[in-house]
Amino acid sequence: MNSGNLVRYGGQAIFYLAFVAVVAYLSTSPVHTFVPSDHARVTVTFAHLGEREGECRPLTEEEKAALPPNMRVEEKCPRGRVPITVEIWLDGEMIYGDTIAPTGLHRDGRSYVYHAVTVPEGRHYLTMKMRDQVETDEFNYVQKKEVTLQGGQSLVIDFSAQAGGFVLRNVDLEAADVR
Amino acid sequence: MALTVRRRINHFIQHIEDGFTAVFGGQNNPLHHLGALTIFFFWVVLISGLYLFAFYETSLSGAYDSLERITYDHWWHAGVMRSLHRYASDAAVITMILHLSREFLRDRNRGFRWYSWFTGVPLLWMVYIFGITGYWLVWDKLAQYIALNTAELLDVLPVFTDPMARNFVIEELVSERFFTLMAFIHLVGLPIILVLGLWFHLLRIIRPKINPPRPLMIGTFTALMVLSVLRPAESQGPADLSVVPTQLSIDWFYLPIYPILDYTGPFVLWGALIGLTLFMASLPWLPPQRREPVAEVILENCTGCTFCADDCPYGAIDMVTRSDGRRFPKEAKVNPTLCASCGICTGSCPSSSPFRNASPLVSGIEMPQGPMEKMKQDIDEALRRLEGQEQKILVVGCEYSVDVTEIDRPNAAPVRLPCAGMMPPSAMDYALRGLGADGVLVTGCDCADCQFRLGNLWTDERIQKKRPPYLSGRADRARIRTLWTKLPGRNKVLREFDALAEDLKGRPAEASGSEGVGGTAQEADDEQR
């Protein structure tokens, strides 16, 4: 092999080697840290239908008569829902607090909450509050829990009115109520 | 200012590209085939993907396990295919980014080329979505991370009410149907859309380079295969929504937006993505390119031979029904929006022959800024200046490669054209037999890298009688040389010139004086046929 061919084929070999080296390296490296291994992720997420904006009232006879026979109902209720107000406190610090409007053109849909924070592993005290009523400034749902989070754990703070309030997911049931 | 910087960077990069040409040759220089290489990698991805689909289970519960079987139990065929699928996808991103960077630096994104650039921008989005959905289908920790972050990114758009991200933090909420939808998008929807997008991207290109040269295909494929065997692609543990992924091996070719999202938040990222997309899409008009006059058909000299329409690299010439009642069935018609003003059409027109006894020389298709009469006069003048020299060599060069007017040889008669393809072969013959030049050296852009795509190729083929209009059989081919090189190739041109001059020593010029073929376009056309 003459020197010209040596340069040509050697150069090509170096090119292909460099090409696959770039592919191989950048396809997996450098490693990205999403959440530090000594931290957990707390996600507040739920969908909740606030109470109606106002009281229902009985329909008058004239109002009933004005309705088609198949649509006559006894009372009329406002369609809109109240916004819900949520506050999540972790170790005395508010990690989430917002008032979320109901969805829909007529504001008659559910309010959706999604918020995630990263917290150090260890024992934490959670205070979860929600108000979904119109006539009070007080939170009608208030719960306090003590949780122990491992590094890499994903704690989800959900809400279920049927279950009586906030529900913690992906956490050991040893999460204790705190008074 | 920006254009000046761009030109300087381009000039610097051409030095690097010249190194690649030295190693691969111009014809096989990978940097000359970046678009075609991207398409080639896409085919590798498509075929390896189809193979993998035979072993892949399209379900949340089965996806990860099926890929584990592919990777470990069937490593020698399906596992290698999986790795090839990933690495070819990554390679496609490299060539794609290099392709668009190079076209930008070469100023090949403005003017009549706006369409190809503009239609390439959505392709970027498609390729990235293609890659992201592919990683989603593995349903490992990386997929979990991608799913969660993609959902968080999409949730800030005002089109979704229900936060999608909620579905990727609670195990029971992950939807099997949604996963199937993602599989459908990746396996069926996006490949079809991508092929359609490619079709649009290449719509205004005649004879697009769809496939790279075979040595490049073999070389890149072999390299990726070796990598696939030596470093198999692996999953990163099954997705588990009760645990948040901490450290992840990211594919930085496809997934760099996710770490950026982690640091900046969704609004900044959306702003950057939309801003970058709009910026990219508007680049053809930043600033608008000064439009050169486009080719003009001179009907009285057009015989409707179709050579110009066949040679135009951008399909800017159509052959339409004759409008002037002459006996020729067709005439050429220029589409001004597609015309690159390269002059390749004038080089292909038999009526461009300087041997014609027409004064002034008017071709069947002319560039208003550089008519054939001017080219003829330039050749006459350049060779006349060498009167008294023992040897006269006509050196023709294009505007995008070595500036032939800077060839400092006393026996060089330089003529510069917008593209080497603008020079009709009859003009080379004219210089040799008509004006008594000893030789002709035609130089221009590197092989497979012509600024106007095909100028150098057509020139070679015309000289070699592979493509009409042919160089006359009476012309001594030993006196004609072509050299295709890059901007920094001045020394190569000088070496080639000196070599030609040396070869021609002792060989007197063939003839002197004009040898007319007749004044009409028809006579010139007959001469070519």
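Biologist: In which helix of chain B does L196(B) lie?

Modeller: This is a predicted model. In it, L196(B) belongs to helix α7 of chain B, which covers residues 176-201. The C-alpha atoms of L196(B) and L123(B) are separated by 9.7 Å, and the two residues are 73 apart along the chain.

Biologist: What makes L196(B) count as partly exposed?

Modeller: The relative accessibility of L196(B) is 48%. Buried requires a value under 20% and exposed a value over 50%.

Biologist: Why is S341(B) called buried?

Modeller: Its relative accessible area is 7%, and the cut-off for buried is under 20%. S341(B) is therefore buried. The residue is placed in the loop between β4 (330-334) and α12 of chain B.

Biologist: Which other residue has a positive phi although it is not a glycine?

Modeller: R453(B) has a phi of about 75 degrees. It is found in the loop of chain B between β8 (439-444) and α15 (455-463).

Biologist: How do you know that the length of helix α8 of chain B agrees with its number of residues?

Modeller: The helix comprises 17 residues, 214-230, and at 1.5 Å a residue it should span 24 Å. The expected span is 1.5 Å times one less than the number of residues. The end C-alpha atoms of α8(B) are 24 Å apart, so the span agrees with the expectation.

Biologist: Which residues of α8(B) are buried, and what shows that they line one face of the helix?

Modeller: The buried residues are L216(B), G219(B), T220(B), A223(B), L224(B), L227(B) and S228(B). Viewed down the axis of α8(B), they fall within an arc of 165 degrees, and therefore they line one face. In general, an α-helix has 3.6 residues a turn, so residues three or four places apart point the same way.

Biologist: What lies on the other side of α8(B), and against which elements do its buried residues pack?

Modeller: R214(B) and I218(B) are exposed on the other side. The buried residues pack against α1 (3-26) of chain A, and also against α1 (2-24), α2 (34-53) and α4 (75-105) of chain B.

Biologist: How many cavities of 30 Å³ or more are counted, and what lines the largest cavity?

Modeller: The count comes to four cavities. About 80 Å³ of space lies in the largest cavity. Among its lining residues are N301(B), C302(B), C305(B), C308(B), C349(B), P350(B) and I365(B). By class, this lining has seven nonpolar, five polar and no charged residues.

Biologist: What is the make-up of the lining of the second largest cavity?

Modeller: Its lining divides into nine nonpolar residues, one polar and no charged. The lining includes C312(B), C339(B), S341(B), C342(B) and C345(B). The space in this cavity is about 70 Å³. S341(B), already described as buried with a relative accessible area of 7%, is thus one of the residues lining it.

Biologist: Which residues are closest to the centre of the second largest pocket?

Modeller: The second largest pocket holds about 1,100 Å³ of space. Of its 44 lining residues, E292(B), E399(B), Y400(B), Q451(B) and F452(B) are the closest to its centre. The elements giving two or more residues to the lining are α1, α13 (372-384) and β7 (412-417) of chain B. The largest share, six residues, comes from α1(B). The lining contains 16 nonpolar, 11 polar and 17 charged residues.

Biologist: Where are cis peptide bonds found?

Modeller: The bond from S29(A) to P30(A) is cis, with omega near -10 degrees. P30(A) is in the loop between α1 and β1 (31-33) of chain A. Another cis bond joins S359(B) and P360(B), with omega about 0 degrees. P360(B) lies in the loop between α12 (344-348) and β5 (365-366) of chain B.

Biologist: What describes chain B as a whole?

Modeller: Chain B has 17 helices and nine strands. Its C-alpha trace spans about 90 × 50 × 45 Å along its principal axes. Buried residues make up 57% of its 529 residues.

Definitions and conventions:
Residues numbered from 1 in each chain as written. Chains lettered and ligands numbered in written order. Predicted model: local features only at pLDDT ≥ 70, side-chain atom pairs only at ≥ 80, totals over all residues. Heavy atoms only, no water. Helix = DSSP H or I, 4+ residues; strand = E, 2+ residues; numbered from the N terminus. Buried < 20%, exposed > 50% of the residue type's maximum accessible area, 1.4 Å probe, protein only. Arc of directions from axis to C-beta. Contact = heavy atoms within 4.5 Å. 1 Å grid on protein atoms, 1.4 Å probe; cavity = no way out; pocket = protein on both sides within 12 Å on 5 of 7 lines; lining within 4 Å. Points joined across faces, edges and corners; volume = space filled by probe spheres on them. Nonpolar A, V, L, I, M, F, W, Y, C, P; charged D, E, K, R; others polar.
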